[in-house]
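Trainee: I've got a model open and would like to go through it with you. Can we start with the charged pairs and then move on to the sheet and helices?

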Amino acid sequence: MTQALQLAGRGLYTTQPNPRVGCVIAQGEAVAGSGFHQRAGEPHAEVFALREAGERARGATAYVTLEPCAHHGRTPPCADALVAAGVARVVIASDDPFPQVNGRGIDKLRAAGIQVDTGLMSEAARELNMGFFSRLERHRPFVRVKLAMSLDGRTALANGESKWITGEAARADVQRWRARSSAILSGSGTVRADNPRLTVRLPDEEAFTPPWRVLLDRQLRTPAGSHVLDGSVPTLLLHEPSASCADDRFGRVERIAIATGQEGLDLAAVLALLAGRGCNELHVEAGPTLCGALFAAGLVDELLLYVAPLLLGDSARPLLHLPNLTDMATRWQLQLIDQRVLGPDIRLRLRPG
């Protein structure tokens, strides 16, 4: 199963909106075949593993990181393929919450007389596909907020200048987190200040499915000529229902009206919309207002925080705009799940709770 999970990780940048899945077929201690799901619409992991195993699959054990599918989508059911190949046992790390699977794959295997065991390394399997599980179980994507700060907790000078707080290694690392995401979200304030492209820049030989861009612009104030309006990748622009624009600057993006809350667009409605369009992992690169609003609303699942060894001073801009606290008991507690040194900088992965 460890090998199957490693194989599944090879689809980290290319399978969405599908999950990342790996499969290993073994005869005793010997591996007969292995494979992973490479792209949505192409064969699943079990198909590649069965092709490699051939007749050696008969009587073998298949280790699969996610329950084999039991329905005809863009590819035939993998449960049927395992039955036809004559495997004797299937070990599954995690059930599949997709409504058309969700236990049916397991039932189909057992009905054919195949021994099925579940739960082996399930936590690792869910972690690999946290966005897929979030979309299907919580009906919203897994939200990861990327921030870069100085040692004194500042993200930009008072005039908005922020290039560059971190070094080249940290900025290259960000590109890989963008690449594994379904979409990259920002706000119109960040676009007006920095004019970002919000695209992935990786070496040509590294395959990835380009994430779409999502821009929150309540009053349609994004200026003409902004990179996010260039149509280079699919882009959603979300605004309040009453907003209007007299010119054609938004002709290359899809505009969608979203209900407003007390302090802006309804962020929960934004996430529900994105989940409905197949967004598994949402990568957020925005200013302290939008990031703070997401965090205060309990909609942030992970902070990707890059810390640079420099100081910007008291007048520089803060990390997040959050409500004032009057009691330490109400502070926001974060769990450190990973830390890495990237050149002169440190990357922290933190999760609420």
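This is a predicted model: local features need pLDDT of at least 70, side-chain atom pairs count only at pLDDT 80 or more; totals for chains, interfaces and linings use all residues.

Trainee: How many salt bridges does a search of the whole structure find?

Mentor: Side chains of opposite charge can pair when their charged atoms come close. Searching the whole structure for such pairs, the number of salt bridges is 21.

Trainee: Take Glu 285 and Arg 178: how many residues apart are they?

Mentor: Their side chains meet in a salt bridge, at 2.9 Å from N to O. Helices (H or I, at least four residues) and strands (E, at least two) are DSSP runs, numbered from the N terminus. Glu 285 sits in the loop between β12 (281-284) and α10 (288-296), and Arg 178 is in helix α7 (residues 168-179), so this pair links distant parts of the chain, with a separation of 107 residues.

Trainee: Which strands do Arg 349 and Glu 302 lie in?

Mentor: The side chains of these two meet in a salt bridge, 3.1 Å from N to O. They are 47 residues apart in sequence, so the pair ties together two parts of the chain: strand β16 (residues 345-352) for Arg 349 and, for Glu 302, strand β13 (residues 302-307).

Trainee: What is the relative accessibility of Glu 302?

Mentor: Arg 349 is buried, at 13%. Glu 302 counts as buried as well, and its relative accessibility is 0%.

Trainee: How far apart are the closest N and O atoms of Arg 347 and Asp 338?

Mentor: Asp 338 is found in strand β15 and is buried, at 17% relative accessible area. Contact means heavy atoms within 4.5 Å, and on that count, leaving out residues up to four places away in sequence, Asp 338 touches Arg 347, Leu 348 and Arg 349. In the salt bridge between Arg 347 and Asp 338, the closest N and O atoms are separated by 2.7 Å.

Trainee: Now the open sheet of nine strands: what is the order?

Mentor: Two strands pair if DSSP finds at least two bridges between them. The edge strands, each pairing on one side only, are β11 (254-257) and β15 (334-342). With mixed pairing, the sheet's order is β11-β10-β9-β8-β12-β6-β13-β16-β15.

Trainee: What is the bridge partner of Phe 142 in β12?

Mentor: Strand β6 (residues 142-149) and β12 pair in the parallel sense over four bridges. Across to β12, Phe 142 has as its bridge partner Glu 281.

Trainee: At about what angle does α7 run to β13?

Mentor: Axes are lines fitted to C-alpha atoms, for helices over the stretch in contact, and angles run from 0 to 180 degrees between N-to-C directions. α7 lies across β6, β8 (183-187), β12, β13, β15 and β16. Its angle to β13 is about 165°.

Trainee: Which residues of helix α6 are buried?

Mentor: Helix α6 (residues 130-137) is mostly covered, with seven of its eight residues buried. The cover includes α5 (122-128), β6, α9 (267-276), β12 and β16. The buried residues are Met 130, Gly 131, Phe 132, Phe 133, Ser 134, Arg 135 and Leu 136.

Trainee: Last one: what separates the C-alpha atoms of Ala 169 and Pro 344?

Mentor: Ala 169 is found in helix α7 and is partly exposed, at 34%. Not counting residues up to four places away in sequence, Ala 169 touches Leu 342 and Gly 343. Ala 169 and Pro 344 are 175 residues apart along the chain, and their C-alpha separation is 8.4 Å.

Note on methods
Residues are numbered from 1 along each chain as its sequence is written. Side-chain values use heavy atoms; hydrogens and water are left out. A salt bridge is a side-chain nitrogen of Lys or Arg within 4 Å of a carboxyl oxygen of Asp or Glu. Buried means under 20% relative accessible area, exposed over 50%, partly exposed in between (1.4 Å probe, protein chains only).
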